[in-house]
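Dear colleague,

I am handing over the structure below, together with notes on what was found in it. Please read the two side by side.

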Amino acid sequence: MASVLILNGPNLNLLGTRQPEVYGSTTLADIEAMCLAHGEAIDLKVSFAQSNHEGALVDAIHAARGAHDGIILNAGAYTHTSIALMDAIASVELPAIELHLSNVHAREDFRHVSYIAKACVGIICGFGAQGYVLAMDAMKAKVSG
Ligand code: CA2
């Protein structure tokens, strides 16, 4: 069975507790449960992780090589700043999907810039928690040839 790492960056551990008007009221634990259930439905093994630390995210991406077939990454604010994450994604040579809950292009200008997009096969944003399911379907199609 194909396997995907769903990796979440800084502050996403706070989902559902603050700013529900921007990020919704679903918690990250709810999203993890939804992803695990969807993985069973579409035959995709799911590993789910979150870190507030850029280096820990780099380490998780490195560790995905040989362990997973693809990476779904909501890098949070590091999306807009991190060359290190871009380099890490490029280095592992796994298909990666950039994911955001919010429509970053309808928000502040600094959120229109993504360093990681260059290393990703595609981007999903603006669909809230449902975006994780959409990204899983896209990854399943990508890794199943
Ligand atoms: O829309 C997304 O998923 C983002 O990746 C979320 C990041 C933001 O910096 C990106 O531009 C877009 C921020 C995550 C912050 O999450 C919070 C959750 C609850 C309360 C406060 C922040």
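H80 lies in the loop between β3 and α4, where helices (H or I, at least four residues) and strands (E, at least two) are DSSP runs, numbered from the N terminus. H80 is buried, with a relative accessible area of 12%; here buried means under 20% relative accessible area, exposed over 50%, and partly exposed in between, with a 1.4 Å probe and protein chains only. Leaving aside neighbours within four places in sequence, H80 is in contact with V104, F110, R111, V113 and Y115, contact meaning heavy atoms within 4.5 Å.

Before going further, please keep in mind that this is a predicted model, in which local features need pLDDT of at least 70 and side-chain atom pairs count only at pLDDT 80 or more, while totals for chains, interfaces and linings use all residues. Residues are numbered from 1 along each chain as its sequence is written, and side-chain values use heavy atoms, with hydrogens and water left out.

The sheet comes next. It is an open sheet of 5 strands in the order β2-β1-β3-β4-β5, with parallel pairing, two strands being paired if DSSP finds at least two bridges between them. β2 and β5 stand at the edges with a single partner strand each, so one side of each is left without a neighbour in the sheet. On average, neighbouring strands of this sheet are turned by 20 degrees against each other, direction ignored; axes are lines fitted to C-alpha atoms, for helices over the stretch in contact, and angles run from 0 to 180 degrees between N-to-C directions.

Within this sheet, β1 is mostly covered, since 6 of its 6 residues are buried. S3, L5 and L7 point one way from β1, whereas V4, I6 and N8 point the other way, and all are buried. The parallel strands β1 and β2 are joined by 6 bridges, and the bridge partner of S3 in β2 is K45. On the β3 side, 5 bridges join β1 to β3, again running parallel, and L5 stands opposite I71 in β3. Further along the sheet, β4 and β5 run parallel and are joined by 4 bridges, with L99 opposite I124 in β5.

I71 deserves a paragraph of its own. This residue sits in strand β3 (residues 70–74) and is buried, with a relative accessible area of 0%. Not counting residues up to four places away in sequence, I71 touches V4, L5, I61, A64, V92, L94, P95, A96, I97 and M139. I71 and S91 are 20 residues apart in sequence and 13 Å apart in space, C-alpha to C-alpha.

As for the helices, α3 (residues 54–64) and α4 (residues 83–92) pack at an angle of about 5 degrees, with their axes 9 Å apart. The two are therefore roughly parallel to each other, given that angles under 35 degrees count as roughly parallel, over 145 as roughly antiparallel, 65 to 115 as roughly perpendicular and the rest as oblique. E54, L57, V58, I61 and H62 of α3 make the contact with A84, L85, A88, I89, S91 and V92 of α4. The residues of this contact divide into 8 nonpolar, 2 polar and 1 charged, where Ala, Val, Leu, Ile, Met, Phe, Trp, Tyr, Cys and Pro count as nonpolar, Asp, Glu, Lys and Arg as charged, and the others, Gly among them, as polar.

Helix α5 (residues 130–143) has 14 residues, which at 1.5 Å a residue should span 20 Å, and its end C-alpha atoms are 20 Å apart, which agrees; the expected span is 1.5 Å times one less than the number of residues. In α5, the buried residues are G131, Y132, V133, A135, M136 and M139, and the buried residues of this helix pack against β1 (3–8), α2 (28–42), β2 (45–50), β3, β4 (96–100) and β5 (122–125). Just after α5, G145 takes a positive phi of about 80 degrees.

N11, which is not a glycine, has a positive phi near 75 degrees and is exposed, with a relative accessible area of 52%. Q19 is likewise not a glycine and has a positive phi of about 45 degrees; Q19 is partly exposed, with a relative accessible area of 44%.

Best regards
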